[in-house]
Amino acid sequence: MEHTVEVADIIIFIGRFHPLIVHFPIGFLFIGMIMHFASKNEKHVYLNNAVPFALALGAIGAVLSCILGYMLSLQGGYNLDTLNNHKWMGLLVALIAILTFGITVWKRIENSSYLYSAILLILFMGLGIAGHLGGNLTHGSTYLTQYAPEPLRKIAGLPPKEKERPPVAILDSADIFLDVVKPILRKKCISCHGHDKRKGDLMLNSFDLILKGGKNKNTVVAGNLEKSELINRITLPINHEDYMPPEGKTPLSKEEINVLKIWILNGANPSGIIAGMNLINENKSQIANVLGLNPKKESELLKKVPPGNTEAINSLIAQGFIIKTLSNTSNLLDVKLNPGKSITKKNLEDLVKLREQLVWLDVSDVNITDEDLTTISKLESLQLLNLNSNPITDEGLKKISTLKNLTTINLYGTKITNQGLNTLEALPKLKKIYAWKTLISPDEVLEVKKRKPYLVINIG
């Protein structure tokens with residue numbers, strides 16, 4: 001919906017008071033309902049005298065909210081279906097509010113308290129639905145249901161919760177779009193450029209919608225920052241009228257902006273593992289900081305060690321392992337076994353032969369057991385260890401409590417409990433624990449952080 005230039009400023013100015021005013025009728029109508037039902041008790045019958053006053057204020061506020069809401073809708077940028085549903089439901093609530101006030105004043109429905117109570121309940125449900133639709137316009141249609149448990153989602157007829165990507169523990173295994181770019185856009189941009197609110201007709205929910213763009217078609221132009229309107233908008237002076245995000249929203253950090261630039265300059269692809277991209281160390285460091293990995297500076301990390309056992313390296317590669325050195329001048333190793341495979345006793349023996357060189361190990365979803373962790377505990381140089389989606393328990397963590405150099409561990413989707421968290425607390429250099437979908441409780445996390453406030457514990 002477009003509006004003329006002559007009336008746009010004053011209409012939108014007045015319309016933007018809608019979110020403020022709309023809470024008043026909700027409050028007064030709700031109070032009126034409570035007093036009506038409370039007055040059914042002889043002890044509180046006196047409350048019935050105040051019901052007309054509360055409903056009058058609620059009805060006036062509801063009408064005013066409808067007028068301001070209509071003015072606000074003229075600025076455009078909303079999903080028309082959701083907007084129309086919200087508009088008509090708001091109008092219906094206003095009409096029912098006027099009706100209920102009229103009934104209390106003129107007493108037209110005598111001896112029909114059940115009917116009057118039913119009308120109030122309909123008003124209550126209308127308030128809930130109108131408020132929910134308004135929330136969808138402001139926060140997106142998934143705002144209320146995003147964290148709903150699966151049983152409740154089934155009852156409400158909602159699709160299963162979208163499977164979360166496991167947190168990244170090792171930089172090279174991260175996907176540039178799915179793990180870095182998309183979360184930035186979801187966190188900083190989707191509230192204004194999502195399904196229900198699409199300023200400038202731009203939606204950033206998915207890769208295809210990003211490429212489609214909005215009114216300015218060149219939202220992202222692969223390999224060209226100057227033609228990419230996304231970059232232009234987020235790098236304007238903060239006081240510029242076209243600067244994004246708008247005032248009141250959290251702006252992107254310099255590193256987040258640089259990561260978006262890196263993605264665009266490297267082809268703006270829908271996926272791409274960091275290890276397979278030709279990135280300089282500075283770019284990798286920026287991406288790592290956005291992901292919260294914050295690796296040590298290369299000069300500190302790349303200590304001098306002799307080359308690893310060639311026979312062990314070749315054996316692991318033949319068994320499906322991906323082995324890389326951390327730099328062209330270092331013998332320190334980053335080792336990964338692709339998820340879905342099963343690690344063997346021979347694999348573990350070969351890994352131990354590389355214990356001096358092996359600093360990053362990713363063995364997620366490869367059927368690592370508590371017994372296998374006995375062997376992994378011999379890898380004394382390990383700094384990053386990814387054990388997500390393996391059948392390990394607290395007993396297994398006791399066995400790796402000897403890894404004194406460990407700084408980051410990923411335990412996503414394991415059977416670790418509060419006891420296991422307490423075991424990890426003893427590791428002297430540990431800074432980050434990723435423990436989504438484990439049995440660790442939020443209360444225990446708070447207790448541990450009281451003792452070690454610098455320790456980052458992410459349980460989702």
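Two residues are in contact when heavy atoms of theirs lie within 4.5 Å, and helices (H or I, at least four residues) and strands (E, at least two) are DSSP runs, numbered from the N terminus. The model is a predicted one, in which local features need pLDDT of at least 70 and side-chain atom pairs count only at pLDDT 80 or more, while totals for chains, interfaces and linings use all residues. Residues are numbered from 1 along each chain as its sequence is written, and side-chain values use heavy atoms, with hydrogens and water left out.

In helix 8, the residues Ile176, Asp179, Val180 and Ile184 meet Ile287, Val290 and Leu291 of helix 12. Two packed helices are described by the angle between their axes and the distance between the axes. For helix 8 (residues 176-188) and helix 12 (residues 281-291), the angle is about 60° and the axes are 11 Å apart, where axes are lines fitted to C-alpha atoms, for helices over the stretch in contact, and angles run from 0 to 180 degrees between N-to-C directions.

Turning to another part of the chain, Phe17 lies in the loop between helix 1 and helix 2 (18-21). Phe17 counts as partly exposed because its relative accessibility is 37%, given that buried means under 20% relative accessible area, exposed over 50%, and partly exposed in between (1.4 Å probe, protein chains only).

Over the whole protein, the secondary structure comes to 19 helices and seven strands, and buried residues make up 43% of the 460 residues. Among contacts with a separation of 6 or more, 60% are between residues 24 or more positions apart.
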